Amino acid sequence: MGMATLYSLFATLLFYFQLLLFVFCVLVASAAGLAASPLLALVRRRPAANWIAAQVLRVLAEQVLGVAVDVDGTEHLAHARVQPCIIVANHQSLLDVLWLACVLPHRTVVVANMFIAHLPVLGWFMRLAGNLFVRQGDKLSIKALFDGALRSLEHDRVSVVLFPEGRRNGGSESLLEFKKGAFYLAYCTHAPIIPIAVQSTRALYSWSDRRFCRNAVIRMRVLPPIATQSLAEEDIPALISSTRNDIQKACIALSSPAHANQQ
């Protein structure tokens, strides 16, 4: 067996070990949120379980996985402390849960794929914490998601995190086209939109290449909130385009070697 083969085998083993550590971190964080959910439900603060789980995951990501998150523009998240907001971000890989744990406001729910709702521990926790689920391509599921998000913003007074690309883009710097849902929701509720841009994480994690780096930093930027009080329905396409462009530009800047050298 040659050295190249041994190196490849060792790298693959390290990948799966790091992946197991990731699953462990997510399960522990989910268990913490799950344990807190019944008490929080009694005081009508179910979404706060998401924040509790996020704090646990943030610490575990740094101490166990060796993955830190560098956030620029955290002051813009202050809007979510005083009113419900719609938070939109680019969607790449399972690493999204790590950066999200570092910026998730106290009273916030997340939109996730329906299959997650059926996973042990993680799915139980996310359901109890009031998160929203959607089955891609299912019109009834999409309608139920919109109604749930509307209720969260207007009745429950909590913020909602959505990924307008609709699916993972694989860590590409070129974002997928944004879907209308988050922006139509902003039109209906006049909730501010807070865009978030995250660097391409393909160099840090890739399933196809069996790569999951330790001692890594995920760089992200919270962009200034977009007011929607005067948003008209005919303005939605332009808003989608400008928001996507702003996130796209920030993603490219964050992924550039020049930005990395400034850290």
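For sorting residues by type, Ala, Val, Leu, Ile, Met, Phe, Trp, Tyr, Cys and Pro count as nonpolar, Asp, Glu, Lys and Arg as charged, and the others, Gly among them, as polar. The model is predicted, so to speak of local features takes a pLDDT of at least 70 and side-chain atom pairs count only at pLDDT 80 or more, while totals for chains, interfaces and linings use all residues. Numbering runs from 1 along each chain as its sequence is written, and side-chain values use heavy atoms, with hydrogens and water left out.

On to the cavity. One cavity of 30 Å³ or more turns up in the structure; a cavity here is a set of points, on a 1 Å grid over the protein atoms alone, where a 1.4 Å probe fits but cannot get out. Its largest cavity holds about 30 Å³ of space, the volume being what is filled by probe spheres set on the points, with grid points joined across faces, edges and corners. Lining residues (an atom within 4 Å of a point) are L77, I87, L100, V103, L104, P105, V161 and I196. By type, that lining splits into eight nonpolar, no polar and no charged residues.

I196 also belongs to strand 6, where I193, P195 and A197 on one side and I194, I196 and V198 on the other are all buried (under 20% relative accessible area, 1.4 Å probe, protein chains only). Strands are DSSP runs of E, at least two residues long, numbered from the N terminus. Strand 6 (residues 193-198) pairs with strand 2 (residues 86-89) in the parallel sense over four bridges, pairing needing at least two DSSP bridges.

Definitions and conventions. On a 1 Å grid over the protein atoms alone, a cavity is a set of points where a 1.4 Å probe fits but cannot get out, and a pocket is an open set with protein on both sides within 12 Å along at least five of seven lines; lining residues have an atom within 4 Å of a point. Buried means under 20% relative accessible area, exposed over 50%, partly exposed in between (1.4 Å probe, protein chains only).
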